[in-house]
Amino acid sequence: MIIPMSKPCLDPSDIQAVTEVLKSGQLAMGPRTIALEHAVAEFVRAAHGIAVSSGTAGLHLAAIAAGVCEGDEVITTPFSFIASTNCFVYEGARPRFVDIDRQTLMPDPSAIEAAISEKTRAILTVDIFGNPADADPILEIARRHKISVIEDACEALGSEYKGRKAGSLADIAVFGFYPNKQITSGEGGLIVTNRDDWDAVIRSLRNQGRDVHGAWLTHDRIGYNYRMDEMSAALGLSQFQRLNSLLESRRLVAETYAQHLAKISEIECLMPLPTTTRMSWYGLIVLVAPGVKRDLLMRELETRGVPTRTYFSPLHLQPAYRDRFGFRSGEFPVTEDIGSRCLALPFHTQMPETDIAYVCDALKASLAGEGVRQVPSLPRNFGMPTTVSRSTPS
Ligand SMILES: *Cc1c(COP(=O)(O)O)cnc(C)c1O
């Protein structure tokens, strides 16, 4: 038996929506893209929604709109997916990483404020694993220092922070629709903002630098092809219309997991924060106890047909960033500790309870595997037959 790591939840209405696009013959940006933009913008009560070809493309355009340029610094978390930092590194800006707090897994607002310098152009928050960042104090700090806040909400569509929707907690926010997210459009992303001026710039940059009302082949700025296609938009819209039921199913999967995992003392399940008034489950992320060798555990699980992923490897230790910015290990100790103990378990919207139970049983069995738990070093019997049977600590 092999358990899938993740799986999009596609139903006949999704397939029909995409088929209709193919029959219509209009495959590039058209009515479905516009409908998806309106639906998501209305959902988060934003004035503008702009669909793009990926979450990464959306973050890149958000960084440009926020005025991030060569030589600027952007304050952000080193505990994230690399796109949340790449998006402004593309523009020649430098990451000013702030170590995370152990409880929230995000930088503390006071630590963010302490990192602000005259080079700071923006703060980029990441709503990690569905938990929105602590937006109120961060926005207050940003207003006082006259800098912008960009919200990477790629993992948090449908989550709420103190009753407000993820994606409405900053000057601009971005959702991602990759197949392992809460809803998918295949590849795709969507920017939401209340800033009219940013909306116009972003629509132009998305479409080769043409102004929204500009003439054909007149390019006012150097833009990109970051457009979403109509098949993706139709799928995204069809999925978005089922968002509540998808999130409800994911909540049930997460709660079933939590019940099973409660019996395993070496595993701690990450939970919604007190400020998260509605949790949109991105995945099932656990922390293994400090004495457990995570990488050995992963290998044991793999042999039992249970894939897992490390979420996240600290960004400052990525070879590309070490080379470019000279980061060293030890600089962000909490991120490094959590990064070495975090594990994403298989998770998808329709995961049956039998699969969840299978994963948890495999976890128990794998924890008992050779060398997985660090045992206190045994006295060595040099020259003696090495048939010492190791007992696992209780
Ligand atoms: C998924 C994700 C993105 C965007 O990814 P794309 O694959 O480009 O859509 C950005 N940031 C975070 C934190 C993500 O999880």
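## Basis

The model is predicted: local features need pLDDT of at least 70, side-chain atom pairs count only at pLDDT 80 or more, and totals for chains, interfaces and linings use all residues. Residues are numbered from 1 along each chain as its sequence is written, and side-chain values use heavy atoms, with hydrogens and water left out.

## Sheet S7-S6-S11

Three strands make an open, antiparallel sheet, ordered S7-S6-S11. Strands (E, at least two residues) and helices (H or I, at least four) are DSSP runs, numbered from the N terminus. Two strands pair if DSSP finds at least two bridges between them.

Strand S7 (164-165) and strand S11 (276-278) are the edges; each has a single partner strand, so one side of each lacks a neighbour in the sheet. Strand S6 (residues 160-161) runs antiparallel to S7, and two bridges join them. Tyr161 sits opposite Arg164 in S7.

## Leu205

Leu205 belongs to helix H7 (residues 196-206). Its relative accessible area is 4%, so Leu205 is buried (under 20%; exposed is over 50%, partly exposed in between; 1.4 Å probe, protein chains only).

Beyond its neighbours within four places in sequence, Leu205 contacts Leu61, Ile64, Arg221, Ile222, Gly223 and Tyr224. Contact means heavy atoms within 4.5 Å. Ala344 lies 139 residues away along the chain from Leu205, with 35 Å between their C-alpha atoms.

## Cavity

One cavity of 30 Å³ or more is present. A cavity is a set of points on a 1 Å grid over the protein atoms alone where a 1.4 Å probe fits but cannot get out; lining residues have an atom within 4 Å of a point. The largest cavity holds about 50 Å³. Volume is the space filled by probe spheres set on the points, which are joined across faces, edges and corners.

Its lining consists of Thr125, Asp127, Ala133, Ala135, Ile138, Leu139, Val149, Glu151 and Leu169. The largest share, three residues, is from H6. By class, six are nonpolar, one is polar and two are charged.

## Helix H13

Helix H13 (residues 353-367) has 15 residues. From first C-alpha to last it reaches 21 Å, close to the 21 Å expected at 1.5 Å a residue. The expected span is 1.5 Å times one less than the number of residues.

Among the buried residues of H13 are Asp355, Ile356, Val359, Cys360 and Leu363. The buried residues of H13 pack against helix H9 (243-261), strand S10 (267-269), helix H10 (294-303) and strand S13 (342-345).

Methods: On a 1 Å grid over the protein atoms alone, a cavity is a set of points where a 1.4 Å probe fits but cannot get out, and a pocket is an open set with protein on both sides within 12 Å along at least five of seven lines; lining residues have an atom within 4 Å of a point. Ala, Val, Leu, Ile, Met, Phe, Trp, Tyr, Cys and Pro count as nonpolar, Asp, Glu, Lys and Arg as charged, and the others, Gly among them, as polar.
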